[in-house]
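Subject: Handover of a structure and notes on it

Dear colleague,

I am passing on to you the structure placed below, together with notes on what was found in it. Please read the notes with the structure open beside them.

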Amino acid sequence: MPVRAQTAFDIEQPCALIAGIGLQAQALPAEDLLRTLFGLTRAEIALTEKLANGQTLTEAAEVASISRETARTHLKSILRKTGTRRQSELTALLAGLTVVRPG
């Protein structure tokens, strides 16, 4: 995925974003990364984090004190913005996001 280094990370060196899917547990990408790459809102990031940590949409909605329909609306927006079609694809994408900066 192309990354504009100067805008996204305030560096002037080339950088790359590598998405890989592995079986080991991965930490959720930083909130700023999700906002920069996909344009997610705070509410969408909060829902994304819950889903990436294994909660169902219903569980995530309950924890966030929002209706299931509101959570569904957020999820549809998240899927559209990330170019994924299913929650499982979203989780796999998030699990594989890594920022590589030249050393």
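How many helices and strands does the protein chain have? The protein chain has six helices and two strands, where helices (H or I, at least four residues) and strands (E, at least two) are DSSP runs, numbered from the N terminus. Starting at the N terminus, the order of the elements is α-β-α-α-α-α-α-β.

Please note that this is a predicted model, in which local features need pLDDT of at least 70 and side-chain atom pairs count only at pLDDT 80 or more, while totals for chains, interfaces and linings use all residues. Residues are numbered from 1 along each chain as its sequence is written, and side-chain values use heavy atoms, with hydrogens and water left out.

The chain as a whole

Of the 103 residues in the protein chain, 33% count as buried; buried means under 20% relative accessible area, exposed over 50%, and partly exposed in between (1.4 Å probe, protein chains only). Contact means heavy atoms within 4.5 Å. Among the contacts in the protein chain with a separation of 6 or more, 56% are between residues 24 or more positions apart.

Which residues of helix H3 are buried? In H3 (residues 42–52), they are Glu-44, Ile-45, Leu-47, Thr-48, Lys-50 and Leu-51. The cover over these buried residues includes helix H2 (31–38), helix H4 (57–64), H5 and H6.

Glu-44 in H3 counts as buried because its relative accessibility is 4%. Its side chain is joined to that of Ser-77 by a polar contact of 2.6 Å. A polar contact is a pair of N or O atoms within 3.5 Å; within protein, one must be able to donate a hydrogen and the other to accept it, and residues adjacent in sequence count only if both atoms are side-chain atoms. Not counting residues up to four places away in sequence, Glu-44 touches Gly-39, His-74, Ser-77, Ile-78 and Lys-81.

Two packed helices are described by the angle between their axes and the distance between the axes. H3 and H4 pack at an angle of about 130°, and their axes are 9 Å apart. H3 is therefore oblique to H4. Axes here are lines fitted to C-alpha atoms, for helices over the stretch in contact, and angles run from 0 to 180 degrees between N-to-C directions. Angles under 35 degrees count as roughly parallel, over 145 as roughly antiparallel, 65 to 115 as roughly perpendicular and the rest as oblique.

The crossing of H3 with H4 is right-handed; a crossing is left-handed if the near helix is turned anticlockwise from the far one by less than a right angle, and right-handed if clockwise. Leu-47, Lys-50 and Leu-51 of H3 make this contact with Leu-57, Ala-60, Val-63 and Ala-64 of H4. By class, the contact of H3 with H4 has six nonpolar, no polar and one charged residues. Ala, Val, Leu, Ile, Met, Phe, Trp, Tyr, Cys and Pro count as nonpolar, Asp, Glu, Lys and Arg as charged, and the others, Gly among them, as polar.

Helices H5 and H6

At what angle do the axes of H5 and H6 cross? The axes of H5 (residues 68–82) and H6 (residues 87–96) cross at roughly 55° and come within 10 Å. This makes H5 oblique to H6, and their crossing is left-handed. Here Leu-75, Ile-78, Leu-79 and Thr-82 in H5 meet Gln-87, Leu-90 and Leu-93 in H6. The contact of H5 with H6 has five nonpolar, two polar and no charged residues.

Thr-82 in H5 is buried, at 12% relative accessibility. Its side chain makes a polar contact of 2.8 Å with the side chain of Thr-84. Leaving aside neighbours within four places in sequence, Thr-82 is in contact with Phe-38, Leu-90 and Leu-93.

Leu-90 in H6 is buried, with a relative accessible area of 1%. The C-alpha atoms of Leu-90 and Ala-52 are separated by 8.2 Å, although these residues are 38 apart along the chain.

Positive phi values

Gly-54, which follows H3, has a positive phi, near 95°. Most residues other than glycine have a negative phi. Ser-65, however, has a positive phi near 60°. Ser-65 lies in the loop between H4 and H5 and counts as exposed, at 67% relative accessibility.

Yours sincerely
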